[in-house]
Amino acid sequence: MGHLRANGFEVRVENVDDVAPIKRRLQVPDPLQSCHTAVVGDYVVEGHVPADLIQRLLRERPTVIGLAVPGMPASAPGMEAPGGARERYDVLAFDRNGRTTVFARR
């Protein structure tokens, strides 16, 4: 949340007991599910997606449901550890047919 707020996003947190129905309703494919789910404009953002890529998504407006960073890569926003190794990861776009493409590599 701090990463998004620091980059100009307004963040409203809703803690729920069971996230599965929300992820299902928002059509997040099972293999892409992660710890956080957000709705930003018309898009779903799943996991630790960097703010600059959310801004790019909103600017370019591709025909996808949203972006996801599956798992919790050590170098994704909010996951960094001082002195920790930089872990490469892909930010994936996903569509209504369950197809994924690499939106960006970090």
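Tutor: Two strands pair if DSSP finds at least two bridges between them. Keep in mind that this model is predicted.

Student: In what order do the five strands form the sheet, and what is the pairing?

Tutor: The order is S1-S2-S3-S4-S5 in an open sheet, with mixed pairing. Strand S1 (37-40) and strand S5 (100-105) are the edge strands, each pairing on one side only. From one strand to the next, the twist averages 25°.

Student: Which helix packs on the sheet, and which strands are touched?

Tutor: Helix H3 (residues 51-60) does, with contacts to S1, S2, S3, strand S4 (90-94) and S5. The direction of H3 makes about 120° with that of S5.

Student: In what sense do S2 and S3 pair?

Tutor: Strand S2 (residues 43-47) runs parallel to strand S3 (residues 66-69), over four bridges. Take Val44 as a case: its bridge partner in S3 is Gly66.

Student: Is Lys23 buried or exposed?

Tutor: Buried means under 20% relative accessible area. Lys23 has 4% relative accessibility, so Lys23 counts as buried. Lys23 lies in helix H2 (residues 20-25). Leaving aside residues up to four places away in sequence, Lys23 touches Val28, Gln33, Ser34, His36, Thr37 and Glu46.

Student: How is a pair of aromatic rings described?

Tutor: By the distance of the centres and the angle of the planes. Rings of Phe, Tyr and Trp pair if their centres lie within 6.5 Å. By this rule, the count here is zero aromatic pairs.

Student: Where does the charged end of Arg56 sit?

Tutor: Over the ring of Phe103, 3.8 Å from the ring centre.

Technical notes:
Residues are numbered from 1 along each chain as its sequence is written. This is a predicted model: local features need pLDDT of at least 70, side-chain atom pairs count only at pLDDT 80 or more; totals for chains, interfaces and linings use all residues. Side-chain values use heavy atoms; hydrogens and water are left out. Helices (H or I, at least four residues) and strands (E, at least two) are DSSP runs, numbered from the N terminus. Axes are lines fitted to C-alpha atoms, for helices over the stretch in contact, and angles run from 0 to 180 degrees between N-to-C directions. Contact means heavy atoms within 4.5 Å. Buried means under 20% relative accessible area, exposed over 50%, partly exposed in between (1.4 Å probe, protein chains only). Rings of Phe, Tyr and Trp (its six-membered ring) pair if their centres lie within 6.5 Å; planes under 30 degrees apart count as stacked, over 60 as edge-to-face and the rest as tilted. A charge sits over a ring if NZ of Lys or CZ of Arg is within 6 Å of the ring centre and within 35 degrees of the ring normal.
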